Amino acid sequence: MADVQPFRAVRYAGAAGPLDDLVAPPYDAVDEVQRAALYTRSQYNVVHVTLPESAGDAERLYAEWLDGGVLVHEDVPAIWAAVESFVGPDGVARERRGAIGSVLAESYEKGSVLPHERTHERTRDERLKLLRATRVQPEPILLLAERSVPVEAPDRSADVEAGATRLWRLESSAAFDPGQLLVADGHHRYEAALALASELGEPVRIMALVVPVDDPGLRIFPTHRLYANRPDLRELGGEPQPSLEQALAYVRGESFERSIAVAYHRGGVEVLRGEAQELDVQLVDRFGLEGIGYTQSLEHARASVDSGAADIALLLRPLRIDDVFAAARSGVRMPPKSTYFHPKPLSGLLFHPVTS
């Protein structure tokens with residue numbers, strides 16, 4: 001259903017320096033300290049384009065890099081096989097495999113690409129302003145495919161390698177049909193591409209790492225909720241538990257037919273139960289966004305409560321991929337930070353002009 005095609009990528013030339021000095025996590029995974037460090041690591045680091053002082057600066061720099069040979073166009077269109085090695089928040093080493101291609105940005109109503117989380121208008125507008133100025137995407141969004149992806153990494157050295165990510169150019173690759181796609185990470189960037197297409201009155205394509213749902217390395221990790229300055233949440237009337245460890249073990253053994261979460265506060269530990277056919281993230285979403293913070297680290301969540309930095313931590317199980325797809329197909333938009341797909345694809349490995 002979705003339109004995935006080879007594309008003529010833009011890449012850093014060797015003269016720009018070691019690729020490890022030029023790539024970065026995507027914009028939403030870079031804090032101010034990291035941004036400052038990446039800015040000084042290289043004058044050509046991709047954060048100068050993804051997190052610029054202004055959209056105008058990004059537009060100017062991208063044009064200068066092309067004109068000066070810092071960035072060069074690939075000779076022919078290609079799909080790229082991708083292998084990402086990583087250690088997840090659970091401490092387990094894995095490899096995630098997929099294909100990077102050019103996806104036609106189509107409205108969600110058409111059903112070829114589905115969202116699963118609510119977005120923030122301000123963030124989308126910021127990404128749109130940058131995309132409007134540069135007309136390039138410096139990193140792929142992450143899409144999940146309901147079908148297997150007919151792309152394999154060749155038995156040779158990678159054409160592009162940085163950190164723990166390896167890419168192989170497959171020049172003979174034709175378009176492939178992944179079936180229905182789900183936006184796993186990159187909702188704001190996808191919606192910015194839709195908005196730009198509407199402004200231009202012509203199709204806009206977006207670079208995406210497409211990973212099949214049956215890939216052994218694909219995992220969803222939970223994002224736990226922390227609430228500060230919320231004394232109303234210090235006791236929620238749940239089922240008391242003797243310890244945090246026992247509460248977590250108990251919740252892990254429960255059915256997914258009904259939502260459940262662990263509430264940890266200085267007064268003790270409780271198990272909260274929600275409704276049948278409700279996801280865990282929908283249960284904790286009832287407590288609103290006032291004073292909320294997020295963490296993928298169980299230890300950080302516990303330490304925040306123990307130190308008094310947070311009044312309460314709401315600890316979640318990882319969502320199941322089938323449940324995320326099912327919710328998206330039914331038109332349900334989950335709360336922000338409902339899923340954490342690790343790792344996020346790097347910025348700067350490839351650049352994708354949005355229009356031909």
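Helices (H or I, at least four residues) and strands (E, at least two) are DSSP runs, numbered from the N terminus. Residues are numbered from 1 along each chain as its sequence is written. This is a predicted model, where local features need pLDDT of at least 70, side-chain atom pairs count only at pLDDT 80 or more, and totals for chains, interfaces and linings use all residues, while side-chain values use heavy atoms, with hydrogens and water left out.

**Exercise 1. Describe helix 3, its buried residues and what covers them.**

Step 1. Start with the residue that follows. Gly 69 comes after helix 3 and has a positive phi, near 80 degrees.

Step 2. Check the length. Helix 3 spans residues 55-67, 13 residues in total. From first C-alpha to last it reaches 18 Å, close to the 18 Å expected at 1.5 Å a residue. That expected span is 1.5 Å times one less than the number of residues.

Step 3. List the buried residues (under 20% relative accessible area; exposed is over 50%, partly exposed in between; 1.4 Å probe, protein chains only). In helix 3 they are Ala 55, Ala 58, Leu 61, Tyr 62 and Trp 65. They cover an arc of only 125 degrees around the axis, so they sit on the same side of helix 3. The arc is taken from the directions from the helix axis to the C-beta atoms.

Step 4. Find the cover, using contact (heavy atoms within 4.5 Å). It includes strand 2 (10-12), helix 2 (47-50), strand 3 (71-73), helix 4 (121-134) and strand 7 (136-137).

**Exercise 2. Characterise the largest pocket.**

Step 1. On a 1 Å grid over the protein atoms alone, a cavity is a set of points where a 1.4 Å probe fits but cannot get out. A pocket is an open set with protein on both sides within 12 Å along at least five of seven lines. Lining residues have an atom within 4 Å of a point.

Step 2. Give the volume, which is the space filled by probe spheres set on the points, with grid points joined across faces, edges and corners. The largest pocket holds about 900 Å³.

Step 3. Name the centre. The lining has 32 residues, and Asp 28, Ala 29, Asp 185, Lys 337 and Lys 344 are the closest to the centre.

Step 4. Trace the elements. Helix 4, strand 11 (181-185), helix 5 (187-200), strand 18 (292-295) and strand 20 (340-341) each supply at least two lining residues.

**Exercise 3. Find the largest cavity and its lining.**

Step 1. Count. There are 3 cavities of 30 Å³ or more.

Step 2. Size the largest cavity. Its space is about 150 Å³.

Step 3. Inspect the lining of 13 residues. Arg 127, Leu 130, Leu 131, Val 136 and Pro 138 lie nearest the centre. Helix 2, helix 4, strand 7 and helix 5 each give two or more residues. Helix 4 gives the most, with 4 residues.

**Exercise 4. Is Tyr 108 buried or exposed, and what does Tyr 108 touch?**

Step 1. Locate Tyr 108. It lies in the loop between strand 5 (93-104) and strand 6 (113-114).

Step 2. Classify. Tyr 108 counts as buried because its relative accessibility is 14%.

Step 3. List contacts, not counting residues up to four places away in sequence. Tyr 108 touches Val 113, Leu 114, Pro 115, His 187, Tyr 190, Glu 191 and Arg 333.

Step 4. Take one partner. Glu 191 is 83 residues from Tyr 108 in sequence, and the C-alpha to C-alpha distance is 9.4 Å.
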